[in-house]
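Visitor: I would like to learn how to read a fold like this one. Could you take me through it feature by feature?

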Amino acid sequence: MASEPRTVSAGRRPVMEVAGVPHELIGWMSQRGYEIDLCRQELEHEYVTVVDEDGNLKFAPVVSEEARTKLNRIAARKTRPPKPKARSLAQLRTDWRAGAKEFLGEAAHLVDSLLERARVAAAAIRAQVAETLDVALAALGVSAMVFVMSSNGLFHRRHLLAEARRFLALVQRGRRREPGLDETIVNAAIAAHCLDITEPKTTRGLLADYRLYTARWAHPDPTRTRRRAPEAAPDVDHRPPAGLTAPGAPVLRVEPGDWGIPRVPLRYDRAVIASTALTHQLRAARGAGRAR
């Protein structure tokens, strides 16, 4: 088997799915996420447009990452359905198979060939994955991702290790990983791109896993984007989910993406930009060095 990245929420990490499984079928199994996304967008629009008694914005003109996370939790609670009656795993598998075939309709035969499709997709992916990995480029990319994603640019070794494993899952999909390669990337990242700023107060603080790091370099802040004014809500008479707004108040009937809600770029967006920019700089420096 091999995995492939699939973007579920714009600006956030892609989800690694089993390659060969139709995305339509994955979407059918992810209706809960769709409902949460729709409700969160309603909450986000209310967040950036609600005003106080003086007509001033009550919260903020944009949705920050912290606000988006909190609104997503609220949306998950509001849309949580009652727990269904418990069923055995065998019954669940039977129900899933029947439901998938009903959903696919004329393409229902795909349900019986998913394993073969996954094997074919895995073979195609393995043929495209390089047998060797550039550890220096990997260490730079991992360092940049962790630096931007972490709070205040501070992180521990475990954060680098987790990011190295995510990196390997993305670039070595379907290929057997060399033992210890994740540790090799982390060691290279610490040696070349991380600054130890530990001030240990206990004996445990002296251990390698508890050392505190930051990056040796800085990068342009991609969050300095011009903010747009929130779009006015169209007048659509539609009842909201229970408890979303005041009784009888009109709300929008929308699909995800219909609102141009101004948002602060998420950390993952910024981390990808930083990682890509620094990787290109290293490649350019290598090319210039070989040309001399």
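Predicted model: local features only at pLDDT ≥ 70, side-chain atom pairs only at ≥ 80, totals over all residues.

Visitor: What share of the residues counts as buried?

Guide: Buried means under 20% relative accessible area, exposed over 50%, and partly exposed in between (1.4 Å probe, protein chains only). Of the 292 residues of the protein chain, 34% are buried.

Visitor: And what share of the contacts joins residues 24 or more positions apart?

Guide: Contact means heavy atoms within 4.5 Å. Among contacts with a separation of 6 or more, residues 24 or more positions apart account for 68%.

Visitor: How do I check the span of a helix?

Guide: The expected span is 1.5 Å times one less than the number of residues. Take α3, residues 65–78: its 14 residues should span 20 Å, and its end C-alpha atoms are 20 Å apart, so the two agree. Helix α8 has 13 residues and should span 18 Å; its end C-alpha atoms are 18 Å apart, which agrees.

Visitor: How is a packed helix pair described?

Guide: Two packed helices are described by the angle between their axes and the distance between the axes. Axes are lines fitted to C-alpha atoms, for helices over the stretch in contact, and angles run from 0 to 180 degrees between N-to-C directions. Look at α6 (residues 135–149) and α8 (residues 181–193): their axes come within 8 Å and cross at roughly 70 degrees. The pair is therefore roughly perpendicular; that label covers 65 to 115 degrees, with under 35 roughly parallel, over 145 roughly antiparallel and the rest oblique.

Visitor: Which residues of α6 and α8 meet?

Guide: From α6 come Val135, Ala136, Ala138, Ala139, Leu140, Val142 and Ser143. They meet Leu181, Thr184, Ile185, Ala188, Ala189 and His193 in α8. By class, this contact has 10 nonpolar, 3 polar and no charged residues. Ala, Val, Leu, Ile, Met, Phe, Trp, Tyr, Cys and Pro count as nonpolar, Asp, Glu, Lys and Arg as charged, and the others, Gly among them, as polar.

Visitor: How do I read a nonpolar core?

Guide: In soluble globular proteins, nonpolar side chains tend to be buried together. A nonpolar core is a set of buried Ala, Val, Leu, Ile, Met, Phe, Trp, Tyr and Cys residues joined through side-chain atoms within 4.5 Å. The largest one here has 27 residues; Val142, Phe147, Phe155, Leu160, Ile185, Val186 and Trp217 touch the most other members. α6, α7 (157–171), α8, β4 (213–215) and α9 (267–291) each supply at least two residues of this core. α6 gives the most, with 9 residues. A second, separate core has 11 residues, including Ile36, Cys39, Leu43 and Val48.

Visitor: Now single residues. Is Leu104 buried or exposed?

Guide: Leu104 sits in helix α4 (residues 89–104). Its relative accessible area is 16%, so Leu104 is buried. Beyond neighbours within four places in sequence, Leu104 contacts Leu25, Leu110 and Val111. Leu104 and Leu25 are 79 residues apart in sequence and 7.6 Å apart in space, C-alpha to C-alpha.

Visitor: Where is Val15, and why does Val15 count as partly exposed?

Guide: Val15 belongs to strand β2 (residues 15–18). Val15 is partly exposed because its relative accessible area is 34%. Leaving aside neighbours within four places in sequence, Val15 contacts Glu4, Pro5, Arg6 and Val8. The C-alpha atoms of Val15 and Pro5 are separated by 5.5 Å.

Definitions and conventions:
Residues numbered from 1 in each chain as written. Heavy atoms only, no water. Helix = DSSP H or I, 4+ residues; strand = E, 2+ residues; numbered from the N terminus.
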